[in-house]
Protein chains: 2
Amino acid sequence: MSDSKSNDSLKTILDDASNLSLNQIRRLLKKMTASEIAHALESSPPKQRNLLFSLLKTEEEGDVLFELGEEIQQDLVSNISNEELIEAVKELELDEIVDILQNLPEERMNNILSNMSLVDRKRIEIGLTFPDNTAGGLLNTDVISVRPNNSINEVISYLRDQSDLPENTDKIFVVNNENEYLGELLISKIITSKPSMLVREIMDTEFFPIDVDLDDKEVATIFERNDLISSSVVDKDGKLIGRITIDDVVDVIREDADQNLLGMAGVAEDTFAPPGRAAKSRVFWLSLNLITAFIAASTINLFQDVIDKIVYLAVLMPIVASMGGVAATQTLTIVLRGLTLEQINTSNIRWLFKRELAVSILNGIVLSILVGLVTFGWFKDITIAILISCALVINLISSVIAGILVPLILRKFNQDPAIGGSVVVTTITDVVGFLSFLGLATIYLI
Amino acid sequence: MSDSKSNDSLKTILDDASNLSLNQIRRLLKKMTASEIAHALESSPPKQRNLLFSLLKTEEEGDVLFELGEEIQQDLVSNISNEELIEAVKELELDEIVDILQNLPEERMNNILSNMSLVDRKRIEIGLTFPDNTAGGLLNTDVISVRPNNSINEVISYLRDQSDLPENTDKIFVVNNENEYLGELLISKIITSKPSMLVREIMDTEFFPIDVDLDDKEVATIFERNDLISSSVVDKDGKLIGRITIDDVVDVIREDADQNLLGMAGVAEDTFAPPGRAAKSRVFWLSLNLITAFIAASTINLFQDVIDKIVYLAVLMPIVASMGGVAATQTLTIVLRGLTLEQINTSNIRWLFKRELAVSILNGIVLSILVGLVTFGWFKDITIAILISCALVINLISSVIAGILVPLILRKFNQDPAIGGSVVVTTITDVVGFLSFLGLATIYLI
């Protein structure tokens with residue numbers, strides 16, 4: 001519900017939870033949707049989060065758990081009993097149950113499955129066989145399928161018997177006797193067609209079903225490119241096994257964007273993770289940077305003599321390094337975006353490289369004149385002003401090479417270029433920055 | 001179409017366009033959907049892009065133009081005549097036409113509007129009055145509305161008369177004689193209800209319509225929280241003026257994520273922008289970094305004496321600065337994510353601040369021991385090893401203060417914290433890093 005009442009409840013809970021009585025909070029929670037409650041939990045520090053969750057009724061817990069990010073979901077699930085969890089997920093859709101159960105320790109999962117009805121267990125076990133990041137992980141089995149020889153009239157009375165269609169049902173699917181996918185039929189087309197017509201006459205066969213093994217990001221691309229609400233999913237024999245709906249695809253898009261943003265800074269945690277976990281998630285990145293910082297430092301170490309003679313080289317050297325780092329991050333970001341959107345390929349990478357080179361030379365000229373002028377104004381030394389300008393141009397050109405090659409190489413070795421890229425790239429520009437500036441100084445000033 | 005044939009055409013065009021004859025390309029384009037063609041255009045350098053676009057038929061151009069990013073769309077539109085543009089957009093939906101026309105120079109827009117039929121002109125002029133980043137900018141006027149006293153039977157025959165329902169029609173809307181919004185009616189509910197029932201008996205009144213002035217990011221939140229396919233839009237008097245559909249909302253989500261990623265690196269351009277434009281888009285950020293780099297340099301300048309005496313301080317000082325920069329970027333990223341998802345508010349910011357402080361102290365202890373050990377191993381100087389460890393802890397704590405306060409302050413002054421944040425934050429950690437390390441060295445080593 002884009003319900004202003006429930007939205008107010010959300011605001012009240014977020015801003016004043018500590019001033020409210022438990023009964024007041026319970027009343028507010030009752031007015032909120034599952035995803036608003038999930039948002040409130042994600043916006044709360046751990047203690048308050050556990051309190052809010054404990055105030056939910058068991059039958060609400062399932063929907064809320066599904067809406068939560070993986071980390072918080074696992075925390076909360078680990079605090080409730082098996083019986084309560086089974087009760088909580090009972091009414092969920094298959095993909096939602098699987099999403100919650102798949103992260104459990106194996107023993108606990110087996111325990112829970114063995115306490116479910118045989119039908120549920122079979123269904124969930126099939127769902128659990130699909131990897132999380134594929135079409136199978138987004139699969140719902142609540143499909144409605146009809147045969148090509150059915151008349152529209154038959155289809156309508158069949159639908160009427162269902163009393164309630166599954167959410168986001170914009171189409172139903174047409175299969176043969178072997179349950180092989182033949183085509184699809186829009187609900188809006190059913191309603192606007194003559195009741196005497198046959199399914200085969202009005203069904204759409206132009207759309208191809210999604211393969212159950214397809215990567216979930218590619219599923220998102222297909223949905224976006226074709227403005228889909230739902231799509232059929234088939235196994236490798238072309239048999240209809242379920243459907244994917246747009247709401248789950250939107251979650252994939254959001255999570256993907258979230259991971260890109262966090263990955264570039266080397267953080268992987270929810271906003272209100274406890275300190276120990278947050279520290280752990282970030283220390284790898286910081287340690288990696290420590291190594292690269294010592295690599296940059298040992299470059300400077302080569303030039304102790306020249307710094308000893310002309311001490312303001314030490315003052316100026318971080319400028320060259322820092323400018324290269326920013327330029328490299330810009331190039332890296334453009335390449336990462338192009339790779340994510342699958343815009344970059346062998347046919348246009350040369351063009352892109354030349355363009356980046358042209359950009360770095362254009363900006364290099366402008367910036368090196370600026371740097372040269374400021375440096376001259378500051379230290380009244382024309383030689384050093386010229387040297388820093390030249391070093392800056394060299395470093396901006398190195399930033400292009402690093403910003404383009406590093407993500408491509410990381411990708412070649414099946415690493416996520418968003419995650420490793422920025423630290424590697426700025427190390428290169430630091431080293432080249434110190435090397436070019438102090439190196440030129442050694443040649444021309446000693 | 002998630003059509004494997006058209007997907008193959010896309011791949012062939014992207015990889016081999018330069019080896020194909022114009023007729024071969026034309027044939028491939030014919031097999032592709034508008035959004036695949038748009039993707040091919042966005043993945044092509046400007047020259048090839050203009051060639052591909054020129055091979056499209058006029059009636060295809062409209063759909064393709066709408067699917068393109070703003071920058072490329074404007075480039076291509078500026079190359080075609082008014083007559084061709086009018087012809088191209090003729091068949092588009094209102095929000096699509098408005099999306100394309102609103103970026104035109106005023107004179108050209110007036111010229112085009114005056115060459116359209118009166119009905120089209122009126123309709124488009126209304127659409128143009130809504131700002132781009134509001135619900136109004138996503139508005140479609142292709143709504144189907146019925147009255148509460150209509151029977152389901154009447155509704156069905158009315159729908160049947162439409163022959164084709166607008167795309168993404170999962171529901172129709174219920175209004176009174178004054179066109180005021182009363183409720184909505186799912187198509188799936190129409191099909192499963194008894195034909196004799198009245199609209200008022202089965203309509204849903206639980207959902208509130210979206211206000212035409214609502215920010216488009218909030219529209220996206222409402223769609224996500226409630227898993228909507230479409231929603232009604234009303235003016236300030238509660239009158240139904242149109243609807244928003246999920247496909248346009250997905251575009252908002254994608255663009256928002258794209259801008260966050262690019263904003264943090266200070267780039268704002270499409271992947272294959274020509275060099276002049278790309279250089280211009282990035283030079284502001286680089287110039288800003290130049291200023292901050294000189295600020296950091298002047299901090300070092302204060303300590304020329306101590307560096308002159310102990311030259312390897314210059315070797316080690318970038319380590320402290322660089323570690324602080326990485327830690328600050330991590331904190332900044334977490335805060336930016338929390339602000340974007342509206343998770344951070346006055347009630348939990350103190351908890352977050354304390355958590356970040358705890359993280360920086362935890363990681364500070366681990367990392368300062370490491371830095372101290374490596375430094376001692378390198379320079380065999382216990383005092384300098386202790387000093388660099390202390391400076392690192394100080395800078396990690398300063399990184400928390402910067403990483404949290406800078407985005408909050410930028411936001412207070414209505415600046416996008418994603419865009420200004422990272423340069424300001426790393427300047428602070430550079431200055432504090434140099435100041436603490438060289439300052440401690442001055443006190444204890446001279």
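Let me start with a loop. Asn179(B) sits in the loop between strand S2 (171-175) and strand S3 (181-186) of chain B. Its phi is near 65°. That is a positive value, and the residue is not glycine. Asn179(B) has 15 other C-beta atoms within 10 Å, so it counts as partly exposed. Keep in mind that this is a predicted model.

Where is Asp227(A) placed? It is in the loop between helix H14 (216-226) and strand S5 (230-234) of chain A. Asp227(A) has 19 C-beta neighbours inside 10 Å, so it counts as partly exposed. The cut-off for buried is 20 or more.

Now the domains. Chain A is divided into domain 1 (4-131), domain 2 (145-254) and domain 3 (274-445). Take domain 1 and domain 3 of chain A. Their C-alpha centres lie 46 Å apart.

On to the two chains together. How many residues does the contact take from each chain? It takes 107 from chain A and 106 from chain B. On the side of chain A that touches chain B, helix H18 (residues 312-340) of chain A gives the most, with 16 residues. By class, that side of chain A has 57 nonpolar residues, 31 polar and 19 charged.

What about symmetry? Chain A superposes on chain B by a rotation of 180°, with 0.0 Å of shift along the axis. The RMSD is 0.0 Å. That is the relation of a two-fold axis. Both copies use the same surface: 99% of the contact residues of chain A recur in chain B.

Next, one helix pair across that contact. Two packed helices are described by the angle between their axes and the distance between the axes. Here the pair is helix H19 (residues 349-379) of chain A and helix H16 (residues 275-301) of chain B. The angle is about 35°, and the axes are 9 Å apart. The crossing of H19(A) and H16(B) is right-handed.

Which residues meet there? From H19(A), they include Arg355(A), Ala358(A), Val359(A), Leu362(A) and Asn363(A). Further along H19(A), Val366(A), Leu367(A), Leu370(A), Val371(A) and Val374(A) also take part. From H16(B), the partners include Pro275(B), Ala278(B), Ala279(B) and Arg282(B). Val283(B), Leu286(B), Leu290(B) and Phe294(B) are there too.

H19 has a counterpart to look at in chain B. Ile349(B) is found in helix H19 (residues 349-379) of chain B. Ile349(B) counts as partly exposed, because it has 14 C-beta neighbours inside 10 Å.

Last stop, helix H1 (residues 4-16) of chain B, where Asp15(B) lies. What does Asp15(B) touch, leaving out residues up to four places away in sequence? It touches Asn345(A), Thr346(A) and Ser347(A). With 13 C-beta neighbours inside 10 Å, Asp15(B) counts as partly exposed. Within its own chain, take Asn133(B), 118 residues apart from Asp15(B). Their C-alpha atoms are separated by 35 Å.

Terms used
Residues are numbered from 1 along each chain as its sequence is written. Chains are lettered from A and ligands numbered from 1 in the order in which they are written. This is a predicted model: local features need pLDDT of at least 70, side-chain atom pairs count only at pLDDT 80 or more; totals for chains, interfaces and linings use all residues. Two residues are in contact if their C-beta atoms, placed from the backbone, lie within 7 Å. Helices (H or I, at least four residues) and strands (E, at least two) are DSSP runs, numbered from the N terminus. Ala, Val, Leu, Ile, Met, Phe, Trp, Tyr, Cys and Pro count as nonpolar, Asp, Glu, Lys and Arg as charged, and the others, Gly among them, as polar. Copies are superposed by least squares on the C-alpha atoms of residues with pLDDT of at least 70 in both. Domain bounds come from an automatic or database domain assignment. Axes are lines fitted to C-alpha atoms, for helices over the stretch in contact, and angles run from 0 to 180 degrees between N-to-C directions. A crossing is left-handed if the near helix is turned anticlockwise from the far one by less than a right angle, and right-handed if clockwise. A residue is buried if 20 or more other C-beta atoms lie within 10 Å of its own, exposed if 12 or fewer, and partly exposed in between; C-beta atoms are placed from the backbone.
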